[in-house]
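Visitor: I have a structure open and would like to learn how to read its features. Could you walk me through it?

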Amino acid sequence: RANRVRECWDAGRAAVSAWLSIGNSYSAEIVGWTGVDCVVVDLQHGMTDVQAMIGMLQAISSTPATPFVRVPSLDPPLLMKVLDAGAYGVVCPMVDSAEQAALFVRATTYPPRGLRSFGPTRGLLYGGADYVAHADATLVRLAMIETAAGLAAVEAICATQGVDGIFIGPNDLGLALDAGASADPSDPVVIAAIARCVAAAKAHGKHVGIFCPSGAVAARRSAEGFDFVVPNSDANLLRTAVGAEARLAREG
Ligand code: 3PY
Ligand code: MG
């Protein structure tokens, strides 16, 4: 099965991805039908576990969106399990060095180039009988840049073979640079850091994504050269929508 994120990139446009922190298959299914290219299940900060994630991936599989997972850490056995469960892309938080980026790639690539163990149980159902032959080239690997070490090594991380791109965590990056957490940073130091990441990705022919607080900010990021944008999470959007309607109900 084709990866819609790669199709977007091949067509020269940014992929728009949803982000799930609610651990529920029905809400995952709803989000998958909204027209997004991709849906990321967040195992790091989302209110979900691996068992709920499997139901969410099944639900996303019934929609046109491609399922991705953000893992909690650079944990090769968990990366392999998430791919076996049918994720077509993985986002790894807090990648600090080229060595870590290389381990991320090896853990998600079959031998002889990598060390991914064979057992794509649900991957075969989602991807089809030829899954194993195409998995290495089809899956998307995004290394998160959101620490001081990661920023210092961003050029080397982007140069790492097999890393498809980087994904900026603006909140953690802001904390790392002593500017506070913000999904749309205004601190010039953080703005310069983000520009450095974009330049590093472009210089190495890699993709670059970022978490955003809204569709408007995501559109601005696309115009800046980002090609994987996330216009906020399910939980934040639900809170905002319910709050806005409740205010209208009270105030008219
Ligand atoms: C961050 O902003 O730190 C993130 O990880 C975005 O999801
Ligand atoms: Mg983060």
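Guide: Gladly. Let us begin with contacts: two residues are in contact if their C-beta atoms, placed from the backbone, lie within 7 Å. In this protein, residues 24 or more positions apart account for 58% of the contacts with a separation of 6 or more. Before we go on, this is a predicted model, in which local features need pLDDT of at least 70, side-chain atom pairs count only at pLDDT 80 or more, and totals for chains, interfaces and linings use all residues. Residues are numbered from 1 along each chain as its sequence is written, while chains are lettered from A and ligands numbered from 1 in the order in which they are written.

Visitor: How many helices and strands does the protein have?

Guide: Helices (H or I, at least four residues) and strands (E, at least two) are DSSP runs, numbered from the N terminus. Here there are 13 helices and eight strands.

Visitor: What does the radius of gyration say about the protein?

Guide: This radius is taken over C-alpha atoms, and the globule rule is 2.2 Å times the number of residues to the power 0.38. For 252 residues a compact globule would come out near 18 Å, and the protein has 18 Å, so the two agree. Its C-alpha trace spans about 60 × 40 × 35 Å along the principal axes.

Visitor: Is P67 buried or exposed?

Guide: A residue is buried if 20 or more other C-beta atoms lie within 10 Å of its own, exposed if 12 or fewer, and partly exposed in between, with C-beta atoms placed from the backbone. P67, in strand β3 (residues 66-70), counts as buried because it has 28 C-beta neighbours inside 10 Å. Leaving out residues up to four places away in sequence, its contacts include V39, V41, L57 and G86. For contrast, take V50 in helix α3: with 14 such neighbours inside 10 Å, V50 counts as partly exposed. Across the protein, buried residues make up 43% of the 252.

Visitor: Which residues have the most contacts inside the largest nonpolar core?

Guide: A nonpolar core is a set of buried Ala, Val, Leu, Ile, Met, Phe, Trp, Tyr and Cys residues joined through C-beta atoms within 7 Å. The largest one has 72 residues, and those with the most contacts inside it are V39, V40, A143, I145 and I166. Helix α11 (residues 188-203) gives the most to this core, with six residues. V39 also touches P67, and its other contacts include A28, V31 and G32.

Visitor: Where do the buried residues of helix α4 lie around its axis?

Guide: The arc to look at is that of the directions from the helix axis to the C-beta atoms. In α4 (residues 76-84), L79, M80, V82 and L83 are buried. They fall within an arc of 160° seen down the axis, so they line one face of the helix. Their cover includes β3, β4 (89-92), α5 (98-107) and α6 (121-127). Just after α4, G86 takes a positive phi of about 105°.

Visitor: Which residues are around ligand 1?

Guide: A residue is near a molecule if its C-beta atom, placed from the backbone, lies within 6 Å of it. Around ligand 1 these are E146, G169, P170, N171, D172 and F211. Helix α10 (residues 170-176) gives the most to this shell, with three residues.
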